[in-house]
Each structure stands twice: as C-alpha cells, then as structure tokens.
Amino acid sequence: VNFDAYLKSGEAEEKKVLKIIQELYDFSAYMSEGNFSDYDIMMPMSGLSIEVKRDFKSEETQNLAFEIRFKGNKSGLASTKADIWVTADKYYLYFFSVQLLREWFKEKCKSNVFRIVKGGDDNMSEMIIVNRNEITNKEFCAVICKNGSNLNILKDFLSYTHTNLVK
C-alpha cells in the first residue's frame, strides 16, 4: 500500500469521526482545511479539538501505535495541539485524552508496558507501541464500535474530557 492510499484511508476515518461527533455531540464540528497540522476536527461548542490516525496493523498485532517523531523531529502525539487523539482500526475507534495519555506514557516509561520502534515510510518515524489491553481500559480512553452499538460511551467521555481538561 502506498502513501496516497494510506492518506485516503486516514481522511475517510476523519470523515467518519466528524459525522459521529456532529450527530452525537456538536453539530457545528468541522474538519480543518488544507495542510493544517494542529488537529483534524474542531468542536466549537466545547472548544475541543481532535486528531485522527488510522492504525493498519492493530487488528493483527493487538497493539496500538502512536507516532512521536518523524525524521528526528517531534510529531504525532508528541507535537499535536489536539485535545483528543483518535486511533482507528478496522472495527473500533479509540478515543484518548491527549493530556492524560501523555501523562500515562511518561509515568510508564521506566516499565516495560510499551516499546519505541522505527517504522512508517523508510523507517523515518519513531512510534510508541503498546498492547491494546494495557491502555484501552483506562479512564482516559473510550473504545467505540464502528457499528455504533456503544456510542453512549463517547458522549460521556467527551463530557468528561471537556470538564477535566486543564488548558
């Protein structure tokens, strides 16, 4: 699969997340236009912003990957200005509070809960790899089925994140 195919898949996931957010939480939410890297989706009613990433290997590895550097520079989770990070795989959307996810990674950095690997195009990215079971049961994560069967969890998560966000 080439970069353009990955990009199109990522954009499709952004549109799915936007549709869910508009229907469930903030009808005025919109996607950022053009080559805007701070976040992908803005929710004006709450002031929350969202970054969406597609993880193509999650189903087979049972891990989630979070890019933190590209060509030696901070990127992805390490540089996003978004309040919420969404990782999408084939069946689920994993919503994370960026602030609490970063704090969790800092707290766990001396344990063996995750590892940092090189990957992406020409191995130019560094990513944190963590088993889904280690991270998706935390208060800073909401796991949403793409079939929409548990969307009520997302509304509570967004309200919690908005209420507890320290800006």
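1. Ser46 sits in the loop between β2 and β3. Helices (H or I, at least four residues) and strands (E, at least two) are DSSP runs, numbered from the N terminus. The model is predicted: local features need pLDDT of at least 70, side-chain atom pairs count only at pLDDT 80 or more, and totals for chains, interfaces and linings use all residues. Residues are numbered from 1 along each chain as its sequence is written, and side-chain values use heavy atoms, leaving out hydrogens and water.

2. Is Ser46 buried or exposed? Its relative accessibility is 14%, so Ser46 counts as buried. Buried means under 20% relative accessible area, exposed over 50%, and partly exposed in between (1.4 Å probe, protein chains only).

3. What does Ser46 touch? Leaving aside residues up to four places away in sequence, Ser46 touches Tyr25, Asp26 and His162. Contact means heavy atoms within 4.5 Å. The Ser46 side chain also reaches the backbone nitrogen of Leu48, at 3.2 Å. A polar contact is a pair of N or O atoms within 3.5 Å; within protein, one must be able to donate a hydrogen and the other to accept it, and residues adjacent in sequence count only if both atoms are side-chain atoms.

4. Now the sheet. Six strands form an open sheet with mixed pairing, in the order β1-β2-β3-β6-β7-β10. Two strands pair if DSSP finds at least two bridges between them. β1 (30-31) and β10 (141-145) stand at the edges with a single partner strand each, so one side of each has no neighbour in the sheet. β1 pairs with β2 (residues 41-43) in the antiparallel sense over two bridges. There, Tyr30 stands opposite Met42 in β2.

5. Helix α5 (residues 151-164) packs on this sheet, touching β2, β3 (48-54), β6, β7 and β10. The buried residues of α5 are Leu154, Phe157, Leu158 and Thr161. They cover an arc of only 100° around the axis, which puts them on the same side of α5. The arc is that of the directions from the helix axis to the C-beta atoms. On the other side of α5, Asn152, Asp156 and Thr163 are exposed.

6. Look at β4 next. Strand β4 (residues 63-70) pairs antiparallel with β9 (residues 125-131) over seven bridges. Ala65 has Ile129 as its bridge partner in β9. β4 also runs antiparallel to β5 (residues 73-74), joined by two bridges. Phe70 stands opposite Asn73 in β5. β4 and β5 form a hairpin with two residues between them, and Lys71 in the turn has a positive phi of about 55°.

Note on methods
Axes fitted to C-alpha atoms, helices over the stretch in contact; angles between N-to-C directions.
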